[in-house]
Number of protein chains: 2
Amino acid sequence: MFFIKLDNDSNYEYLYREIYEKIKNKILRNKINEGDKLPSKRNLANQLGVSVNTITSAYEQLLVEGYIYTIERSGYFVEEIVELSRPKSSKNQLLPNDLKETVIKDNPNQLSLSHMDTDVDLFPFKEWFKSQQTALKKHQQHLGHITHQQGPLAVRQTLSKMINVTRGVDCEPEQIIISVGTQTLVEQALNVLQIASDEPLTIAVENPGYQRLYGLMEQLNAKINPISVDENGISVDEVKQSNANTVFLTPSHQFPTGAIMPISKRFDLLNWTTKKPNHYIIEDDYDSEFKYQTDNIPSLQSLDFNQKVIYMGSFSKSLLMGFRISYMVLPYPLLRIYRKHYNKLLPYNNVFSLFTLNEFILEGKYLQHIKRMNLVYEKKRNELIKQLTSLFKENITINDVPAGLHFTASFKTNKSYDEVEAAAKKHQLDVHTIRRFTFESPKREPNKEIVLVIGFSSINFDDISKAVRRLNKIMYE
Amino acid sequence: MFFIKLDNDSNYEYLYREIYEKIKNKILRNKINEGDKLPSKRNLANQLGVSVNTITSAYEQLLVEGYIYTIERSGYFVEEIVELSRPKSSKNQLLPNDLKETVIKDNPNQLSLSHMDTDVDLFPFKEWFKSQQTALKKHQQHLGHITHQQGPLAVRQTLSKMINVTRGVDCEPEQIIISVGTQTLVEQALNVLQIASDEPLTIAVENPGYQRLYGLMEQLNAKINPISVDENGISVDEVKQSNANTVFLTPSHQFPTGAIMPISKRFDLLNWTTKKPNHYIIEDDYDSEFKYQTDNIPSLQSLDFNQKVIYMGSFSKSLLMGFRISYMVLPYPLLRIYRKHYNKLLPYNNVFSLFTLNEFILEGKYLQHIKRMNLVYEKKRNELIKQLTSLFKENITINDVPAGLHFTASFKTNKSYDEVEAAAKKHQLDVHTIRRFTFESPKREPNKEIVLVIGFSSINFDDISKAVRRLNKIMYE
């Protein structure tokens, strides 16, 4: 009667689990020794008043996990089990305080003038779900397999046609790499550029600019060379004087200043790429779908006849941030390196969303959506600028470039950047100051102004006046 | 009358685009010189017989792109434009032949015994779409924003509870990092491990094993140390004798041999991690949802009391490959490094699918699906083994571990690996030989057998006999 006892009030869903657990614990606590024979299945079944099948299940599980072994016609025996070294204190089992996350509750009073958010209420979910059904009908079999590492060819064919029409981008579907955000594309582009170059990557970047990416570039061992930006975008003269071999820029709507690079400077920069084989441009065309009053500015890539521009586009602004669909177009020499270097890489994207996007574009819904959003955003933008001007009067200077989903504005105030940022928090308004995007922290000198990057895509039209009044409090209260 | 002439049969959608294009081309071809004044809007409108508004639109577009400039009360003038250097030949504009992709047509006769594919016909799309609607209702506002870099906390909370029940994994939601495939997780884990260690990363890996990942590890500058695998999985003795500081393994169903690592070896390996601060284990639990006859084997992580196991799981096998949802659980010290190193990383995943998955799990549909698939896969597996045994008789040895979505089998044949692989192609059967997964190419010695990795998840039950007959042809015809 040495063996185990069943509980009357056991929590186990199945009887065999209880038997398995109890024998396992006996073995782990050395209550039965290595080489000891277990009772025969029939005996144990009789002792416990359960079926032989139940005992068999328990023994089988112990066997497959290696707690016991069996000798044919002889029975089951306890395995030799190495002792597991455990820490004396259980302290290191608890999540340390510095790693704890607090649940951020949605604050219904919070308003957003952040450039990061998009207006999810206007997303045509119904149409999207219809495209999803079509995608399922057409491509169901492809959802169970791994697709091409650059994304399904069918989707790339559609993209290449579309960006040719909308952005003048001239490329073959083969040159497109679909991925999950500009970050991964930048990482892959930098790896490829580094392989193509026999000197270390030095990247000329816009200042102010997309600091988040610059940090990533530095982690990837690239040297970052900040280049100043004026109303015509990045200074091409400074690029030429620098020792950069790569330029990363946002020529069609500089982030965050909004500057549009004029044609002559574009040619000038493109000419620079032909000076050395390892000179390349990365064009981040992050929000070029949105343009008010005038037409879209053709991409820099559309002017490149020397396979020197890596073009990057994204659906984060034009569809939903949360979809994480973006792509790049690689020049032939870099594509060749990419294919070789990443030949074992599996694709990152949710194929189902890619095929859905494909239908959404093919059915004309994508461009329809963009058209509608252009009208909505223009209306919000005009209203916001009108209200800002009428409230702040001579205390505001708006850098009014009618493009994209944000603009910058300078405010005359005695407050410091710290104070403004603290006040924004207090007054429940998401809005970023320019210093998030500059290399040197802008000093708050007397008479110098506070520059904000003001996004208008996520705010409701009816909340604009409330947001503007909050801005006033942030600056002067 | 110097200026431009409109075509009668123009292809332009809008008149102003034609005027814009024609003036632009004149400027680019130096038909008008720098500083030349353009006709006044009224004059040009009269000349061309169009409205002044049309000319205004054309001039505005030329202005914003930087082809012309304006002097108030004086008019519009041609900008100084740098000449763009173009290649003499247009040869480098065409996609080189080596980069061309050919469209692979779906072959209805092709059968798959590949371990990579999943059975998409049995995926409960209807239920998934219902969860999608619930996710939309609950989380619509979150789809327009960037979520936590590790994935939404709500989803991680659900995951941590689920893997505790199904895999015994003991972790806080804070420790989970959701991403788009084991590859990205391995990359991030290796970066973090390298920061945690003051010596170069040397990774003990299973041989045979997941070669695709090992190639990636080497690209990330890790040294790879192949360790032999027997019927109990990776050799822990060899690991101890090696100078590896990290072990990457698939203990619950070794890939591809199927070996299940017994408890004593697990303890032995866990004890090895306590020898040095930089000793860590990466446990790839890639297909542990599927187990026949016995229960699941608890994860290695469930036995770790020293924060030494990085656990990796995936929904590629249990849902759809194409969703690309996978996750890892980081021990506290590594999580701290991750948070610091990746503090600027945006998440990779499609948030909408993550919230959908969340509902799918919460509503019990996920475990239901797994349960159903276990039955389906077991049936297919048994049938396949039965038919293989009955046709190949003494010429086949099946390594019959009742787990996962594949098994290995050795075939007696005079053919070489090259011949078998060529024959598989010819007979339209997707199936991989073991040499895809080994470091040294297995030599075809006399009397040595050909080992195949046979997957049974994607083949239809009714096609099994056809596939087995094709295998027979592949081996002996």
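Colleague: What joins the side chains of Arg339(A) and Gln150(A)?

Modeller: A polar contact of 2.6 Å joins them. It bears that name because a polar contact is a pair of N or O atoms within 3.5 Å; within protein, one must be able to donate a hydrogen and the other to accept it, and residues adjacent in sequence count only if both atoms are side-chain atoms. This is a predicted model, in which local features need pLDDT of at least 70 and side-chain atom pairs count only at pLDDT 80 or more, while totals for chains, interfaces and linings use all residues. Residues are numbered from 1 along each chain as its sequence is written, chains are lettered from A and ligands numbered from 1 in the order in which they are written, and side-chain values use heavy atoms, with hydrogens and water left out.

Colleague: Why is Arg339(A) called buried?

Modeller: Its relative accessible area is 18%, and buried means under 20% (exposed is over 50%, partly exposed in between; 1.4 Å probe, protein chains only). Arg339(A) is therefore buried. Leaving out residues up to four places away in sequence, Arg339(A) touches Gln150(A), Glu174(A), Leu99(B) and Glu101(B), where contact means heavy atoms within 4.5 Å.

Colleague: What makes Arg156(A) and Glu101(B) a salt bridge?

Modeller: Their closest N and O atoms are 2.7 Å apart. The rule asks for a side-chain nitrogen of Lys or Arg within 4 Å of a carboxyl oxygen of Asp or Glu, so the pair qualifies. Across the interface of chain A and chain B the rule finds eight salt bridges.

Colleague: How many residues of each chain are in contact across the interface?

Modeller: In chain A there are 103, in contact with 104 of chain B. The area buried between the two chains is about 9,100 Å², with 54% from carbon and sulfur atoms; this is the accessible area (1.4 Å probe) that two parts lose on being put together, summed over both. Leu84(A), Glu101(A) and Phe305(A) supply 8% of the area that chain A buries against chain B, more than any other three residues.

Colleague: Is Asn278(B) buried or exposed, and how do you know?

Modeller: Its relative accessibility is 10%, so Asn278(B) counts as buried. This residue lies in the loop between α9 (263-273) and β9 (280-284) of chain B. Helices (H or I, at least four residues) and strands (E, at least two) are DSSP runs, numbered from the N terminus.

Colleague: With which side chain does that of Asn278(B) make a polar contact?

Modeller: The partner is the side chain of Ser197(B), at 2.8 Å.
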